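Let's take a walk through this protein together. Have a look at the sequence and the 3D view first, then read on.

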Amino acid sequence: GLAVQLSMEPTPTGEAGTMETKMMKSADVDAFCDVLRLLGRQPLLVALTCTDKSTEVVKAQQAKLAGPLSGVPAGENVPAFNHSVVLRNNQVSEVLLKSLDCRAPLREFCYENITMTLPALWAALCGREKPLPVEKIKVEPKWIHSSLARKRFTEQQRQLLEGVQASLIRSDAFQLVQSAGRGEVTREEIETMSPQDFADLLSGYSVDEPPEQEKYHPRVPWRCYPSFRKFVQIEEGDEPMFVPFPLDEEAAGELQLQKLSFCMCDLRSRLLKQARPDEWPASSQPIWHGPQRHVRPGDWDEFECKPVAEDDDREDGAEDADERPLRYHWRPASVFKIGTKKATAMVEQVMNASEPTFADTLLHEGLRSLLSDTSSLKSLDLRGNGLTREDANLLLNLIEDQETTLLRLNLIPVTVEEAQSTRELVIDGTGINKDIQENEDEDIEDPEGEAFAREALEAEIVRMDEGDGFIFLSLVSPQWFSELVRVELKRLEIPQDATLAHITDALLNLPSIRELHLSQLKLSGRGASLLLQAV
C-alpha cells in the first residue's frame, strides 16, 4: 500500500535524505512507522502524500502519526522515531494537531478551511509549553482564491487567531505561510501584520476591491405600448416597453420617443404611494450615511459602534470625498426593514419642513427629464396626473427657457408658428386613435418613437386637474391663437371648479372663437352653472 522514492541528498535542515512517500488506503500506517524507526540511524525528511480521495480516510491516516511524532515508544528495544515529516495533502487532521507534543518534528502541513482547522491549530501552537516547531504552513482553499468580502470571524475565533499569530512570531522554527491568495509571507512580515490582515492570510484567499458600480437615481418604470393595436392584440414574442420616470439619458437615447402619453396615470398620487426614498442610494442617505459606510463584511471592526465624525452628519447630499467603496448598511439605531413606513419616516425626519417631499421632488425631476435637452419628444400628454399650478409653471418655464423639440403639450400647440395658424382646437378625451379595422393588415408597422401608458389606452374620459387647467389658460391665449375659430371639448371630466374657471377664462379671452362644441363633459353642479354663465 506504499510507493516510496528515496533520495539520499542532504536537506537544508540537516536530514540525510528525502523519502517521497505515497500512501494508499490499504497502507498500514503503524507498520510504516515501525519501518522508519528501524531506519533511525540516518534521520530522513519524510514527505507523505495520502492518495485516497476521501478526506476522512486521509485525516484518519494522518492521525495515526501522532504517537510516533510525539516520541511514543513502540516497545522495548525499539528505536525512537527521529524523522521529520512533511504532509503534502491539502488537508490536515485536526486530531493530529491536537495530539502532537510540542517537540514533534512536523515540518509542514496544509489545510483548506480555517474555520475547521483553527481550534486544532491553536492547540498545536498555543496549548503547549512552547509552539509546535512547524516551519511552513500552506493554505489552499478548495473553492475560491479571491473574494470581494473578508471571511467573518466570531469574537472567540479572533482571540484564537491573535494567539496563533503571537505563537508563530515567537517560534524559533517557523519560517513562512504560503497561501493561494498572498503567496509566501515570512515571519517578519507576519510580525508587522494587523490582526485583520493576519486573519485574511490564514483564510487563504485574497480580498479584491469591488468594481465600480453604477448608482441609479430614483425612478419608476411605466408600462407602455407603441400603439392601441399592440395593447389589445398582444402577440407572442412582443417585448414589453417600459418608460422610466424620470427619463434618464440612456433610456431617452434608446427609446428615441417623439410622442408620449402619460394621460390618466395619476402620477402624483402613484408616486406618493409607491415611490420610497429608502429604495435609492441618494435619497436614503440619512439611513446609511455614517461611520459604517466604509465597513466591508468581515472587517475586524465590522460590528463596532463608531462615533459619528463631523463629516458623517451632513444633510446636503454632497458626494463623499473618500473614494473607498460605499457600503449601504443601515445605521445601528435603524431597527427596521427596507420598504416599511419606519424607513420612510426616518428619512423625512431629517428633512426640513420647507423642503418638498420625496414624491414632489421625484415628480419635478421627472417633468424636467421629459423636456430636457436630451429629450426628443414632440408630443406630450400629462393630463389626469394630479398636477398643481406649481407643476404647471415648471412645465411652462421649461418650454419657454429650454430649446426643446416639443410641439404639443396636452394636445395644445406650443410653438408660435403652429399656434398662430391654428383655426380649430379639438381636445377629445385622450386623443388616441382607438379604431382598428377588421381587415387591417397584420403586418402593418406601428409608428416609431410613440409610447402610450396602459392607463391612457384604457381611459375613455380624461380628468383635467388644476395644473391642466392652468396650462390651458396659459397656452390658449389671444397672443398665440389669434386665428382660432372653433374649439371642441369632448369626453372630459373637470371635478374642480378652479380648473373649469381657468378653461372658461381662456375661452372668454378669445374674441376670434365662432364655434364652441361641448359634449360628454363631467362637471360638478356648480361647475355646470359656471360654464353656462360663461357661454
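A salt bridge is a side-chain nitrogen of Lys or Arg within 4 Å of a carboxyl oxygen of Asp or Glu. Before we use that, some ground rules. The model is predicted, so local features need pLDDT of at least 70 and side-chain atom pairs count only at pLDDT 80 or more, while totals for chains, interfaces and linings use all residues. Residues are numbered from 1 along each chain as its sequence is written, and side-chain values use heavy atoms, leaving out hydrogens and water.

**Charged pairs**

Side chains of opposite charge can pair when their charged atoms come close. Searching the whole structure turns up 28 salt bridges.

| Salt bridge | N to O distance |
|---|---|
| Arg-463 and Asp-266 | 2.6 Å |
| Arg-383 and Asp-381 | 2.8 Å |
| Glu-460 and Lys-434 | 3.8 Å |

Helices and strands here are DSSP runs numbered from the N terminus: a helix is H or I with at least four residues, and a strand is E with at least two.

How hidden are these side chains? We call a residue buried under 20% relative accessible area, exposed over 50%, and partly exposed in between (1.4 Å probe, protein chains only). Arg-463 counts as buried at 14%, and Asp-266 as partly exposed at 28%. In the second pair, Arg-383 is buried at 1%, and Asp-381 is buried too, at 4%.

Glu-460 lies in the loop between α17 (454-458) and β19, and Lys-434 in the loop between β17 (424-428) and β18 (450-453), so their pair ties together parts that are 26 residues apart in sequence. Glu-460 is partly exposed, at 46%. There is also a network of salt bridges, linking Glu-424, Arg-486, Glu-488 and Glu-515.

**An open sheet**

Strands of a sheet pair through backbone hydrogen bonds, either parallel or antiparallel. In this model, 7 strands make an open sheet with mixed pairing, in the order β12-β11-β18-β13-β14-β15-β16; two strands pair if DSSP finds at least two bridges between them. At the edges are β12 (241-245) and β16 (412-413), each with a single partner strand, so one side of each has no neighbour in the sheet. Further in, β14 (residues 379-381) and β15 (residues 408-409) run parallel and are joined by 2 bridges. Ser-379 has Arg-408 in β15 as its bridge partner.

**Two helices**

Which residues of helix α13 (residues 341-349) are buried? They are Ala-343, Thr-344 and Val-347. Looking down the axis of α13, they fall within an arc of 95 degrees, so they line one face of the helix; the arc is taken from the directions from the helix axis to the C-beta atoms. These buried residues pack against α12 (285-288), where contact means heavy atoms within 4.5 Å. Turned away from that side are the exposed residues Lys-341, Lys-342 and Gln-349.

Helix α19 (residues 497-508) has buried residues as well, including Leu-500, Ile-503 and Leu-507.

A disulfide is a pair of cysteine sulfur atoms within 2.5 Å, and the whole structure has 0 of them. For Cys-50, the nearest cysteine sulfur is that of Cys-33, 11 Å away. Cys-50 is buried, at 3%.
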